[in-house]
Amino acid sequence: MAMQLNLTLVEERLKTRCVGRNLLYLTRTPSTQDVARAEAKRGAPEGTVVLAEEQTAGRGRLGRSWVSPAGKNLYLTLVMQPPAERLRVLSIVSPLAVAEALEEAVGLPSRIKWPNDVLVGGRKIAGILIETELAGEAVKYALVGIGLNVNFDVGAAPEIADIATSVRRELGRDGSREELLAALLNAFEARYSEALESDAVFQAWRSRLETLGRRVRATLGERVVEGVAEDVDAEGSLLIRREDGSLATVEAGDVTLSG
Ligand code: BTN
């Protein structure tokens, strides 16, 4: 039988005003993104969290799937309503909150691979998928999907074993999903409120970027940019210096680190 999450433990550790105060806990669902979308459409309050023990059709970025076995990891979607001009804050706050939660709850030093993968020991431990519903210029809601590998035996999933990791793999023992979840929601709310007012969150995200200074290959559909990831601009876009000296601005896409 799969382990159930102890929600009382999570609640005891939760320090938030809004994030996670309305929490929907599901045993099994195709994707928490879809449940959260339905909740948002029905007017769910900001900070609503949909969490599942298992996803049968977990989604990743760029049309990929997210391996989501039962009872091992954290699969959650947050419903947020940022003002349109601060929408980009979510892709900075989310990986930062995951990285900070990993350090606080289980002591794992975590880095960020642009734009928002979380890495431990150079391998991916968490992924983030943000889906936005707009009404003209305004944001109706944004769905922040977070998948964090906690007690997953990565070796049992050969298709990702080389590139992925989990808390269990890094620590050599199981980690507490409850502590990780509470730390994540606490960090998310704290960093989100801070980001709406200051630049410190951007700098904290930037200083965790594994990508900077490395040779990279960025792809977005047909577009491929190769060079050295020099910096990020104020919008969070990646600035890549090509061999010929020109500078490319990459707003979205997938990046491979090559040196
Ligand atoms: C990625 O790295 O490609 C993003 C992975 C996002 C996975 C999470 S798990 C919870 C939420 N529900 C989904 O179907 N996907 C996100």
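The structure is a predicted model, in which local features need pLDDT of at least 70, side-chain atom pairs count only at pLDDT 80 or more, and totals for chains, interfaces and linings use all residues. Residues are numbered from 1 along each chain as its sequence is written, and side-chain values use heavy atoms, with hydrogens and water left out.

**First stop: the ligand**

Next, display the polar contacts, that is, pairs of N or O atoms within 3.5 Å. Serine 31 places a polar side-chain atom 2.7 Å from an oxygen atom of the ligand. For threonine 32, a polar side-chain atom is 3.1 Å from a nitrogen atom of the ligand, and for glutamine 55 the distance from such an atom to a ligand nitrogen atom is 2.9 Å. The protein covers 98% of the 420 Å² of accessible area that the ligand has on its own (Shrake-Rupley method, 1.4 Å probe).

Colour the model by helices (H or I, at least four residues) and strands (E, at least two), which are DSSP runs numbered from the N terminus.

**Second stop: the largest pocket**

The space taken by the ligand is the largest pocket; a molecule sits in a pocket if more than half of its atoms lie within 2 Å of its grid points. On a 1 Å grid over the protein atoms alone, a pocket is an open set of points with protein on both sides within 12 Å along at least five of seven lines, a cavity is a set where a 1.4 Å probe fits but cannot get out, and lining residues have an atom within 4 Å of a point.

The volume of the largest pocket is about 790 Å³, where a volume is the space filled by probe spheres set on the points, joined across faces, edges and corners. Of its 38 lining residues, select Arg64, Trp66, Asp117, Lys124 and Ile163, the closest to its centre. S6 supplies the largest share of this lining, 5 residues.

To find the largest cavity, select its lining: Ala218, Thr219, Leu220, Arg223, Val224, Val225 and Val250. Strand S8 (215-220) and strand S9 (223-232) each supply at least two of the lining residues.

**Last stop: two loops**

Select tryptophan 114 and proline 115, which are joined by a cis peptide bond with omega of about 0 degrees. Proline 115 is in the loop between strand S4 (111-113) and S5.

Finally, select leucine 62, in the loop between strand S2 (49-52) and S3. Phi of leucine 62 is near 55 degrees, a positive value in a residue other than glycine.

Methods
Polar contact = N/O pair within 3.5 Å; in protein donor to acceptor, adjacent residues only side chain to side chain.
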